[in-house]
Structure formats: C-alpha cells, structure tokens
Amino acid sequence: MFTGIIQGVARVISIDKKHNFQTHTIKLPSELMQGLTLGASVAHNGCCLTVTHIEQQLVSFDLMQETLNVTNLGLLKEGDYVNVERAAKFGDEIGGHAMSGHIMATATVSAVNISENNHQVWFSMPSHLMKYIFAKGYIGIDGISLTIGKVKDNCFNVNLIPETLQRTNLQNRIINDVINIEIDPQTQAIVDTVERVVAAKQ
C-alpha cells in the first residue's frame with residue numbers, strides 16, 4: 001500500500017529493453033535507501049514495482065509487458081525523472097489517501113494554466129473512467145494523491161501547491177504528456193455497487 005505522498009524524484013539511469021520485458025535502473029535518493037532490500041516495493045509514477053537489484057543508490061526493477069501497456073513507464077527515456085514512494089509501513093501516517101500502486105489507465109495533459117499564485121493542470125481521461133471522477137474527490141496522478149477540482153466532459157483539473165510542484169515531476173508536465181491514473185478505490189467501490197444495485201432492480 002502507498003499513501004500518495006511522494007517522497008522524492010529519481011532519475012532513470014538505464015533502460016534494458018527486451019522482447020515484452022524491460023529492466024530499468026534508477027538512482028534512488030539516499031534518504032530512501034535505508035532498509036531497502038531485494039523484493040521490496042517502490043512506486044514509480046504510482047506504479048508498484050519490485051526491487052530486483054541494488055548497487056549503492058542504483059536500484060533496478062523489472063517491468064512486464066502488461067505494465068508497459070497500461071502505464072507511462074514504457075515511454076520513459078534515460079535521464080527522465082519518476083516520482084517515487086516506498087511502500088507504507090503499518091502505523092505510517094496516511095497523509096494523502098490509501099493507494100494500491102495498481103494503475104488503471106493513463107490520461108493526457110490537455111492544458112496547463114499558470115498564474116502568480118496557482119498552477120492548474122487539466123487532464124483528458126478515457127471516457128469509461130469518468131463515472132469515477134467527482135469534484136473534490138481523490139485521485140492518484142503519477143502516484144500523487146490529489147483532490148479533483150473541476151470536471152467537464154471527459155476532462156478534470158487539479159490545482160497544485162508549491163510543495164507538490166517542488167517534490168514531484170508534475171512541475172515539468174506539458175500538454176500531451178501521458179500520466180498514470182489510479183482511481184480512488186473507495187469511490188470505485190461505491191459507484192460499482194450502486195450500478196449493480198440499480199441494474200438488479202431493473
């Protein structure tokens with residue numbers, strides 16, 4: 001489980017592409033190395049990956065084709081930065097909202113509006129997921145727990161505080177960038193349950 005509070009950004013050092021498989025290595029911030037072992041879970045842009053090799057601060061992860069298909073991790077290039085979060089431990093404060101690290105889909109940045117005191121980003125979502133998007137609801141964007149602002153057609157926005165911009169890679173996102181989406185599981189459960197109940201009555 002993850003909290004959606006990004007602990008840092010990590011640079012992609014190398015990518016080894018094979019048939020339907022790839023291994024990438026990131027340089028993890030030193031403060032996130034404590035107690036890290038093989039088999040540990042680390043979220044990359046919100047996607048839960050398993051540590052397969054550790055060499056000082058260089059940490060490697062294997063990605064299956066399904067992960068590459070569903071997330072933006074297959075679009076990474078050497079030198080790119082990913083949001084990282086170590087798996088939550090029992091008793092940790094949940095500063096964002098509980099997240100599984102399982103990406104449901106990707107969305108596309110459709111607009112970036114920057115003013116003196118606000119940084120607003122609009123995202124275009126797959127239409128079949130819009131039933132889970134509500135103003136003031138939670139959503140995971142590249143692993144960041146955020147509150148949805150406005151919702152319009154197949155789009156929604158978020159408003160980013162300076163702390164979020166400083167700690168994550170969202171500050172560099174531009175129009176047409178692809179980002180990972182994890183729907184709030186509680187919202188999904190409520191919507192799906194209501195749909196089943198209504199369908200049963202009909």
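**Notebook: salt bridges and overall build**

I began with Lys18, which forms a salt bridge with Asp16, their closest N and O atoms being 4.0 Å apart. A salt bridge here is a side-chain nitrogen of Lys or Arg within 4 Å of a carboxyl oxygen of Asp or Glu. I looked up the cover on each partner. Lys18 is exposed, at 52% relative accessible area. Asp16 is partly exposed, at 38%. The cut-offs are under 20% relative accessible area for buried and over 50% for exposed, with partly exposed in between (1.4 Å probe, protein chains only).

I noted the ground rules next. This is a predicted model, where local features need pLDDT of at least 70 and side-chain atom pairs count only at pLDDT 80 or more, while totals for chains, interfaces and linings use all residues. Residues are numbered from 1 along each chain as its sequence is written, and side-chain values use heavy atoms, with hydrogens and water left out.

How many salt bridges does the structure hold? I found 6.

I then turned to Lys131. Its salt bridge is with Glu195, and the closest N and O atoms are 3.1 Å apart. Lys131 sits in the loop between strand S8 (118-124) and strand S9 (138-141), and Glu195 in helix H3 (residues 185-201), so the pair ties together parts 64 residues apart in sequence. Lys131 is partly exposed at 34% relative accessibility. Glu195 is partly exposed too, at 39%.

Next came Asp142 and Arg173. Their side chains meet in a salt bridge at 2.8 Å, N to O. Asp142 lies in the loop between S9 and strand S10 (144-147), and Arg173 in the loop between helix H2 (162-167) and strand S13 (178-183), 31 residues apart. Are these two buried or exposed? Both Asp142 and Arg173 are buried. I also saw that Asp142, Arg173 and Asp177 are linked in a network of salt bridges.

Last, I looked at the whole protein. I counted 3 helices and 13 strands. These are DSSP runs numbered from the N terminus: helices are H or I with at least four residues, strands E with at least two. The radius of gyration is 17 Å, close to the 17 Å from the globule rule for 202 residues, so the protein is as compact as a globular protein of that length. That radius is taken over C-alpha atoms, and the rule is 2.2 Å times the number of residues to the power 0.38. Of the 202 residues, 45% count as buried.
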